[in-house]
Amino acid sequence: MADTGIFATTQEVQDMVGANASSVSNVEAYINRYMAEAESYINVVCKYNFSDAYSGLNADVKKILTKWAASLAAIDVLSYDLTASQLAELQTRISILNDKAQACEKLMTDDAQDRINWVNDA
């Protein structure tokens with residue numbers, strides 16, 4: 001199986017996940033599904049199809065999308081199995097990833113017209 005995510009690779013998601021994640025959900029098949037969901041969410045929230053426009057975006061926009069989508073997908077990986085003995089650690093990691101995702105969302109959705117102009121001009 002190959003990476004099917006547009007905004008982030010399996011490795012980039014796994015880097016966000018860190019240690020002690022479920023060996024079931026921290027694999028390419030699951031991460032591909034989580035990435036598709038994250039990308040759809042980002043496109044709908046921003047009211048702009050970054051997936052279709054991805055190849056034409058500049059590096060700054062791509063890296064924000066990577067951070068946002070990888071954070072969302074990593075949350076899904078970690079949330080898959082919260083019965084681990086390191087529950088407090090997983091909850092803390094999820095909170096940190098959620099903060100990263102929310103910061104990216106705020107950045108990309110505040111004053112949508114200015115953002116769209118910036119993306120199109122980039």
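**Helices, rings and loops in a predicted model**

Asp-81 sits in the loop between helix 4 and helix 5 (helices here are DSSP runs of H or I with at least four residues, numbered from the N terminus). This is a predicted model, so local features need pLDDT of at least 70 and side-chain atom pairs count only at pLDDT 80 or more, while totals for chains, interfaces and linings use all residues. Residues are numbered from 1 along each chain as its sequence is written, and side-chain values use heavy atoms, with hydrogens and water left out.

Back to Asp-81: with a relative accessible area of 29%, Asp-81 comes out as partly exposed (buried is under 20% relative accessible area, exposed is over 50%, and partly exposed is in between, using a 1.4 Å probe and protein chains only). Leaving aside residues up to four places away in sequence, Asp-81 touches Ser-22 and Leu-90, where contact means heavy atoms within 4.5 Å. Asp-81 and Tyr-34 are 47 residues apart in sequence, and their C-alpha atoms are 15 Å apart in space.

Next come the rings. The structure holds four aromatic pairs (rings of Phe, Tyr and Trp, the last by its six-membered ring, pair if their centres lie within 6.5 Å; planes under 30 degrees apart count as stacked, over 60 as edge-to-face and the rest as tilted). One of the pairs is Tyr-30 with Tyr-80, edge-to-face at 5.5 Å centre to centre and with 80° between the planes. This pair links distant parts of the chain, with Tyr-30 in helix 2 and Tyr-80 in the loop between helix 4 (59-79) and helix 5 (87-109), 50 residues apart. Both partners are partly exposed: Tyr-30 has a relative accessible area of 22%, and Tyr-80 has 40%. Ring pairs also bring in Tyr-34, so that Tyr-30, Tyr-34 and Tyr-80 are linked into a cluster. Elsewhere, Lys-62 lies over the face of Tyr-54, at 5.0 Å from the ring centre; for this, NZ of Lys or CZ of Arg must be within 6 Å of the ring centre and within 35 degrees of the ring normal.

Helix 2 itself checks out on length. Its 19 residues (28-46) should span 27 Å at 1.5 Å a residue, and the end C-alpha atoms are 26 Å apart, which agrees; the expected span is 1.5 Å times one less than the number of residues. Among the buried residues of helix 2 are Ile-31, Tyr-34, Met-35, Ala-38 and Cys-46. Most residues other than glycine have a negative phi. Lys-47 lies in the loop between helix 2 and helix 3 (50-53) and is exposed, at 71% relative accessibility. Asn-20 also has a positive phi, of about 65°, without being a glycine. Asn-20 is in the loop between helix 1 and helix 2 and is partly exposed at 41% relative accessibility.

Finally, helix 1 (residues 10-17) packs against helix 4 at an angle of about 65°, with the axes 8 Å apart (axes are lines fitted to C-alpha atoms over the stretch in contact, and angles run from 0 to 180 degrees between N-to-C directions). Residues of helix 1 including Val-13 and Met-16 meet a set in helix 4 that includes Thr-66, Ala-70 and Ser-71. Ser-71, in helix 4, is buried, with a relative accessible area of 0%. Beyond residues up to four places away in sequence, Ser-71 touches Met-16, Thr-66, Leu-97, Lys-100 and Ala-101.

Conventions
Helices (H or I, at least four residues) and strands (E, at least two) are DSSP runs, numbered from the N terminus.
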